[in-house]
Amino acid sequence: MSIKGGDSVRAFIIRKNAVSDWIKHLARKNSVSFPQRAGHSGFRFKPVLETSEIQFEHYRPTLAPPGKQLTPAREVLFKYRKNATADPMLESVLDSQARVLAGVRPCDLKAIDLMDRVNREGFSNPHYLTRRENTVIIAHDCLQPCDAACFCAATGSLHWRANADVFLTSLDDEILVECLSERGIALAQGDHFTLCENTEPHKKRAEALRTQPFGRQFPVPLEQLPAIIAKQWQSRVWEKHVEHCFSCGSCNMVCPTCYCFNVVDDFNLADGDSGTRTSTWDGCMLPNFSEVAGGHNFRPHPAARQRHRVKRKFEYLSQRFQEPGFCIGCGRCARQCTAQIDIFSIVSDLVSQGENDPCVP
Amino acid sequence: MKPKVAFFDFASCEGCQLAVLNCEDVFLNILELVDIVEFREAMSETAPRFDVAFIEGSIHREQDVQRLQDIRARSTVLVAMGACACMGNVQARSNFIAPAQNFQWVYGEAERNSLQTDPEFWPLWAHTRVRAVKEIVAVDFELRGCPMVPEEFVHLVKSLVIGSTPHFPANAVCVECKMDENECVFDHGETCMGPITYGGCKAVCVTGGYRCDGCRGLLPHAHREAHRWLLKEKGLSDAHIDNRYRLFCSTQFQGREKP
């Protein structure tokens with residue numbers, strides 16, 4: 001699968017009022033998801049229907065990130081059948097349905113890129129990769145921060161382009177359509193599209209329209225965070241930010257780069273020799289997540305779990321994948337937290353403590 | 001030999017037993033795995049011993065206590081089934097009201113006064129203290145909720161039949177709410193027991209457009225101080241908050257947490 005840009009870049013201009021027709025046209029032949037209003041305030045990635053409202057303004061990050069469609073909350077991994085004379089028969093359950101994720105924002109684009117690496121490097125995950133290989137991404141640039149919780153520029157997500165098949169940039173009443181892969185080119189077909197020979201003036205216009213500075217900024221550059229946070233093990237900051245924590249795991253469940261899961265085997269009632277193995281989302285903020293056989297829990301206190309979560313996002317995975325910031329700055333965890341815990345504030349506190357008040361050895 | 005299974009009801013609406021009978025698509029398969037030897041909601045036979053006894057309902061009277069102890073003595077595994085058996089359910093709210101006051105509300109003053117002197121019903125308080133099953137006998141497993149969740153019942157039966165440990169994660173309702181992409185109840189101006197309530201119900205009430213009232217009981221790690229702070233932040237008074245906790249969780253909520 002080629003998901004990188006380069007030679008295959010082709011660009012078009014499309015009128016803004018034609019985009020809805022285009023997305024709905026795609027949805028007649030494909031399974032297309034687009035962020036649409038749901039509930040009292042939020043957006044969800046929902047299937048595009050003829051009646052769907054397709055618009056890029058007034059966007060707020062969806063409750064669940066689009067990448068979660070590649071690892072559903074509950075997923076049958078394989079079916080088994082006992083065999084009296086040989087090894088049990090195992091049948092993988094792989095979902096190869098073609099799908100289009102449209103309206104994906106740069107932060108979520110980066111998250112999907114990171115999850116591609118997590119699921120490809122080391123032990124590769126065929127369930128994720130099968131869905132991923134059959135997924136085309138139409139991304140859309142952000143020229144204003146979604147809301148006060150967002151800090152995507154600080155985590156290096158705002159200018160992410162690499163794994164988009166089509167990248168859209170809204171400019172007043174028209175949209176620049178950059179096709180970054182062969183599959184992207186295949187999607188941008190029709191009378192709506194006017195070929196764009198030179199994208200530079202449009203990109204300059206977009207940069208002029210973009211809010212500066214864009215959203216919240218860390219006190220130090222992203223690249224310095226892993227080293228700073230690595231020194232913070234006994235910091236008082238960990239306790240400070242869990243005073244009201246319910247250990248409900250909402251922050252994990254809505255995080256685009258949380259991928260921990262649990263597996264459960266279950267036999268069929270009608271035929272006890274056969275059954276399934278199912279994976280379900282799990283999360284490191286849940287109290288029993290790190291409990292092992294015999295009942296020992298490695299992280300019994302919320303502060304220890306919070307420390308683990310933050311270090312995963314800004315230290316452990318950064319080192320393992322050579323990518324500063326597995327937190328992509330979408331702000332979902334803070335938005336969903338009823339205790340108003342904000343990973344941006346935790347990291348900012350850790351940085352200022354690192355400068356003024358070295359942690360207890 | 002197939003395990004012998006029995007169902008017993010105490011103070012309850014028998015809705016959990018109905019939930020068992022409503023496992024229609026798998027009920028006949030369950031009957032292949034176990035022998036049901038007592039089940040008043042479905043049959044009239046009785047038996048002397050049970051491998052698994054399911055207890056529905058809360059325990060009120062002394063004769064209920066004796067009956068329950070007798071069932072425990074005749075059972076290998078005892079399961080509290082549903083919110084009444086697990087934690088007293090809504091009827092346990094009466095534990096916070098003087099029995100004489102309660103009887104007056106329910107039956108009127110004249111009836112209350114005649115009951116109070118009737119040797120059949122004396123003393124009144126012995127009929128009104130609502131207890132969970134585990135306050136009287138050892139409980140091996142709990143099927144939480146009002147009513148209990150059929151999938152959890154099936155999971156428990158399957159685990160017991162093959163001798164594995166059933167798994168009921170001690171996670172907040174929020175986990176399943178997020179899996180179903182429910183908008184947080186707090187985000188549309190309501191308040192919710194979800195963050196401190198035992199999940200496993202697939203967040204059915206919130207998914208259906210309501211809030212969580214905590215029918216599956218408080219989590220072992222429930223952060224009640226933070227939850228009270230949150231509800232007060234949303235404008236609820238201490239008395240209102242006490243009421244919310246007592247709706248289902250009276251036997252777990254004996255008094256206000258330390259500030």
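Modeller: Chain B has eleven helices and five strands, counting DSSP runs numbered from the N terminus, with at least four residues (H or I) for a helix and at least two (E) for a strand. This is a predicted model, where local features need pLDDT of at least 70, side-chain atom pairs count only at pLDDT 80 or more, and totals for chains, interfaces and linings use all residues. Residues are numbered from 1 along each chain as its sequence is written, and chains are lettered from A in the order in which they are written.

Biologist: What's the radius of gyration of chain B?

Modeller: 20 Å over C-alpha atoms, close to the 18 Å that the globule rule gives for 259 residues, so chain B is as compact as a globular protein of that length. The rule is 2.2 Å times the number of residues to the power 0.38. The C-alpha trace of chain B spans about 60 × 55 × 30 Å along its principal axes.

Biologist: OK, chain A now. In what order do the eight strands of the open sheet come?

Modeller: E3-E2-E6-E7-E8-E9-E1-E10, with mixed pairing; two strands pair if DSSP finds at least two bridges between them.

Biologist: Which strands stand at the edges?

Modeller: E3 (43–47) and E10 (194–195) of chain A, each with a single partner strand, so one side of each has no neighbour in the sheet.

Biologist: And how do E2 and E6 of chain A run?

Modeller: Parallel, with three bridges joining E2 (residues 31–37) to E6 (residues 99–104) in chain A. Ser31(A) stands opposite Arg99(A) there.
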